[in-house]
Amino acid sequence: MTCIHSFTLPTFRRSFLPYSLIFIFILAFCCSCRASQVPVPVTIQQDVSGTVVQDNFLGISFELYPFNTLWGESPQQMPTAMENYLSNLRARIESPLRIRIGGNSMDSAVYVPTQTEMIVVTGDPAADPDDVPVDFGPMLFKVLDAMGNVVGQMEFIVGLSMRSSDYTNAVEVARDTRKMLGYRLDAMLLGNEPDLYASHGVRPGYTIQEYITDVGTMLQDLRNSPNGDLIPDTIVGGPTICCDWNLSDILSAGLSGYPYKYYTVQHYAKSICSGPNASNENITYFVSHVNVPVYTNWQKQGVQMANDARIPVLVTEYNTVSCGGSNVSDTFAATLWAIDAGLNYASSGMSGAYIHTREYGILYNLFDPPSPETSTEPNWRTGSPYYAALFLSETFIAGGSIVVDLNLDNSIYDPAATVAGYALYDRAGMKAKRLVLFNYYRADDAGSEAAARNFTLEGGLATTAGVRVLAAPSVYERTDISWAGQTVGLNGELGGTQTTKYHYDCAMGCNITVPGPGAALVLLDDVPDDSAFFFGSSAVAPLS
């Protein structure tokens, strides 16, 4: 219903209706203007434990094949839109922005040290759009380094192929990666989805034990390269599995005995590799929080083993629907899901998660140039998942935090729940510092509750609260999306008035209203004069 905030009080003769009844009438009228459902109570436990995650928990994963169409052919040709897209994220964190370059095309690529072009396509992209063969040269590393100089510090993860048993080319990649990226190189990952080598015909019959043996051989080749020891420090990672193997089995088979910086996995909620179907085009799945913990905990045993060994686990690729996305992947539902999944990964023992983007026209992309040939021009398209990256870049706490799923309205277990929420604690787990609240309202669902939802913070949690809102007209929306009142423009810059709402009366409890559909980032005890929100412009290349 629509609430009318001003109204004319009916006229009553005092002899028939005492003032007390008039007061009751007014109270009843005002109550009818509120949302029809009961506010969602937000109860926070203190003194929690869990994996401490940094403010750069969310990274971006780029497929190698189209990289030159997104980042430019050289340091002199980097698209200003990409500079702005990345700067928007970098400006909202204190740690380096995490970038991964990988995917199937990195695993099948050949590195040509003498090649002047960044990328040369060597096969038919239409033959297998999910694995396009390319050659790449040192220009890739020059552009990575140059982008870091423009938008601020970044740290890069680069893949080394294990498709062939001859690792000469991988050693060359490692040599030039280390030399050209220097301290900005975070890790080199050995292989991409080796659990699919057998089923994809790359290495027929390939087993976990063969993989463990191959890892040992590659590590030896990297240590004894013609250019000396390329891994004197702990800088390799893997196994970067997605589908057919379990991390726990690989660790038990011997990977835990190697000096790894990270253990890495990849996971999509759904797959469209065999074509569209009722499952991968079902938007309901992506607006039900009950599905998220099931999705993020698919490697629970292996993650626990890694945590016990104090080796961080990274999700180096995640998004809605693998093999390019479905008709859900570019909607606001996908935005909310990507935030929910990112936070749930953080609450499930992961130390980082990279949302994946690919070549022009892929539905789950974070951004697309006007065309692959005109990336230096404006008129870029911002994909709905980019707003998830924007939201999450402002969510995690500098210096470290512990993320806890609050199970609001029993949302972990009840498929009918239309809300969800998380608390972010200080790194010691002693005090909640931030909240993220979800409203998964669907207007087309006859059983869905009223659009806006009130979340009631318990007394004593905070004295004040600053709130920024992510909103769209519906979960089906693709372009009319705003974060803190701002929308991304045609050159990757944020436009509109940045909006933050402050509540100054939370000592005894207060209500935070989240539009439907939408999500809110709540900073507890935040005030305008000393706020932890990002303020101002984050564009480094505004349109003139």
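Of the contacts in this protein between residues at least 6 apart in sequence, what share joins residues at least 24 apart? It's 78%, where a contact means heavy atoms within 4.5 Å.

Quick housekeeping, everyone. What you see is a predicted model, so I've kept local features to pLDDT of at least 70 and side-chain atom pairs to pLDDT 80 or more, while totals for chains, interfaces and linings use all residues. Residues are numbered from 1 along each chain as its sequence is written, and side-chain values use heavy atoms, with hydrogens and water left out.

Okay, the overall picture. We've got 13 helices and 26 strands; those are DSSP runs, numbered from the N terminus, with helices (H or I) of at least four residues and strands (E) of at least two. The radius of gyration is 25 Å, close to the 24 Å the globule rule gives for 544 residues, so the protein is as compact as a globular protein of that length. That radius is taken over C-alpha atoms, and the rule is 2.2 Å times the number of residues to the power 0.38. Along the principal axes, the C-alpha trace spans about 100 × 55 × 45 Å.

How much of the protein is buried? Buried residues make up 57% of the 544. Buried here is under 20% relative accessible area, exposed is over 50%, and partly exposed is in between (1.4 Å probe, protein chains only).

Now, salt bridges! Side chains of opposite charge can pair when their charged atoms come close. I count a salt bridge when a side-chain nitrogen of Lys or Arg is within 4 Å of a carboxyl oxygen of Asp or Glu. The structure holds 16 of them.

Take Asp-131 and Arg-163, which meet at 2.9 Å, N to O. Asp-131 sits in the loop between strands E6 (119-121) and E7 (134-136), and Arg-163 in the loop between strand E8 (154-160) and helix H6 (168-181), so the pair ties together parts 32 residues apart in sequence. Asp-131 is buried at 19%, and Arg-163 is buried at 18%.

Next, Asp-330 pairs with Arg-478, again with closest N and O atoms 2.9 Å apart. This one links distant parts of the chain, 148 residues apart: Asp-330 is in the loop between strand E12 (313-322) and helix H12 (332-347), and Arg-478 in the loop between strands E20 (465-471) and E21 (482-483). Asp-330 is buried at 12%, whereas Arg-478 is partly exposed at 36%.

Last one: Arg-92, Glu-394 and Arg-468 are linked in a network of salt bridges. That's me done, thanks!
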